[in-house]
Amino acid sequence: MSQAPKYISGEEVEKLLDLKELLNSIETALGNYSKGKDGGVVQPVRLVVPIEKHHGHLGVMPGYSSSDEALATKIVAFYPENKDLPTHQAWVLMQDPTNGSLNAIIDGVSITSIRTGIASAVATKHLANPNSRILALIGAGVQARSHFKALSLLQSFDEVRIFSRTRASAQKLAKEIGKTAKVCSSVEEAVEDADIITTVSFATTPILKAEWVKPGAHINAVGACRPDWRELESRLMQESVVYCDSRDACSQEAGDIILSECDVFAEIGEVINGEKQALWEKTTIFKSVGMAIEDVLSAKIVYEKYMHQLKQDSEYPA
Ligand SMILES: NC(=O)C1=CN([C@@H]2O[C@H](COP(=O)(O)OP(=O)(O)OC[C@H]3O[C@@H](n4cnc5c(N)ncnc54)[C@H](OP(=O)(O)O)[C@@H]3O)[C@@H](O)[C@H]2O)C=CC1
Ligand SMILES: O=C([O-])C1=[NH+]CCC1
């Protein structure tokens, strides 16, 4: 008899996901993805339904990893104009790959936030100068927070510069980060001399210019996930070494790549697999649009820990 699916909340996800474990797991999955058929990852480019009337988008992201025996689908809606609700709404449906039954519905807002920062941390680990001291965050929302946490797994920063559209959002984040944080009045001020730049905004036209970026800096370009949206100007894309999460997805969704017509040097998975070089002495860009396999692996860790805890609670009731 099939069991009713569990519901796992965002609070539980935050408690159960160990960031270091997730970093290792996502690094392996990105490598497997770039091996093609041999890697055992099946992940089509997501289906996106524009909800034009309400300025939103709905994405459906299925993925399967045969080596992890993990199957899940994320449903994610992004509504940049949401004010009282997070701009992303999401759920991950976790299925049993052996028979297709539904095991759990997991909060996808927390998974999206955490796994995206961790994917950028994987890229940063390979592509940034190991002596990086100054981090610039452009945007001060959910992803700015998760990226600060994830990148802090790799190193501590002497200075964290923050710019956002609304100064109050940058100030709020700066308060949370503490004494290393500095609120900036422009993108240019935030990125001057920065070693690592992370763009996590909802900009739809370029906000980061090549002339402001220190040669040798590493950029995680995380926003602009539609073919006509951009955060980085064309010259910056063309003059840097560009890596991406998925060539297939970026060639359909990443305006920064499509509209600049820049070359993509490698998928980050190819670097992980040792097939392409990590040219960290040059200015590097990691362009991500988000991959289902990152959600699948996160959901698997959460689900297994959740079930382990349930079993323990039933065997040793308080
Ligand atoms: N690559 C990936 O895997 C993923 C990418 N994303 C993308 O990351 C981006 C950030 O997402 P998230 O943090 O959840 O969103 P939030 O809505 O939580 O935060 C967005 C932040 O960007 C700021 N912002 C908006 N427009 C501009 C602009 N033109 N210039 C500077 N700052 C701006 C907002 O400003 P303020 O509040 O100050 O007004 C806010 O601080 C989005 O583009 C999203 O689609 C999200 C998930 C996965
Ligand atoms: O991967 C993801 O979940 C998303 N990428 C951009 C918006 C949501």
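The questions below go through the model piece by piece.

Q: What should I know before reading the names and values?
A: This is a predicted model, in which local features need pLDDT of at least 70, side-chain atom pairs count only at pLDDT 80 or more, and totals for chains, interfaces and linings use all residues. Residues are numbered from 1 along each chain as its sequence is written, while chains are lettered from A and ligands numbered from 1 in the order in which they are written.

Q: What makes up the domains of the protein chain?
A: The assignment gives domain 1 (6-112 + 293-307) and domain 2 (116-290); such bounds come from an automatic or database domain assignment. The C-alpha centres of domain 1 and domain 2 lie 22 Å apart. Their contact takes 16 residues from domain 1 and 20 residues from domain 2, where two residues are in contact if their C-beta atoms, placed from the backbone, lie within 7 Å.

Q: Which helix gives the largest share of the side of domain 1 that touches domain 2?
A: That is helix H2 (residues 19-34), with 10 residues. Helices here are DSSP runs of H or I with at least four residues, strands are runs of E with at least two, and both are numbered from the N terminus. By class, this side of domain 1 has 9 nonpolar, 3 polar and 4 charged residues. Ala, Val, Leu, Ile, Met, Phe, Trp, Tyr, Cys and Pro count as nonpolar, Asp, Glu, Lys and Arg as charged, and the others, Gly among them, as polar.

Q: How do you know which residues surround ligand 1?
A: A residue is near a molecule if its C-beta atom, placed from the backbone, lies within 6 Å of it. For ligand 1 there are 27 such residues, and the closest are Gly141, Gln143, Ser169, Gly223 and Gly290. They divide into 12 nonpolar, 14 polar and 1 charged. Helix H3 (108-127) and helix H4 (142-151) each supply at least two residues of this shell, and H4 gives the most, with 3 residues. Domain 1 and domain 2 each provide at least three residues.

Q: Why is ligand 2 said to lie between the domains?
A: Domain 1 and domain 2 both give residues to the shell around ligand 2, so ligand 2 lies between them. The residues around ligand 2 are Val76, Phe78, His88, Thr112, Cys225, Val289 and Gly290. By class, this shell has 4 nonpolar, 3 polar and no charged residues.

Q: What makes Asp193 partly exposed?
A: Asp193 has 13 C-beta neighbours inside 10 Å, and therefore counts as partly exposed. Its place is in the loop between helix H6 (187-191) and strand E11 (196-199). Phi of Asp193 is also positive, near 65°.

Q: Why are the buried residues of helix H5 placed on the same side?
A: The buried residues of H5 (residues 167-177) are Ala170, Leu173 and Ala174. They cover an arc of only 105° around the axis, which puts them on the same side of H5; the arc is that of the directions from the helix axis to the C-beta atoms. The face turned away from that side carries the exposed residues Ala168, Lys175 and Glu176. The buried residues of H5 pack against H4, strand E9 (159-163) and strand E10 (181-183).

Q: What makes H4 mostly covered?
A: In H4, 7 of its 10 residues are buried. Among them are Gln143, His147 and Phe148.

Q: How do you know that strands E3 and E4 pair?
A: Two strands pair if DSSP finds at least two bridges between them. E3 and E4 (residues 56-65) pair in the antiparallel sense over 5 bridges, with Ile51 opposite Gly56 in E4. E3 (residues 47-51) is hardly covered, as the count of buried residues among its 5 residues is 0.

Terms used: A residue is buried if 20 or more other C-beta atoms lie within 10 Å of its own, exposed if 12 or fewer, and partly exposed in between; C-beta atoms are placed from the backbone.
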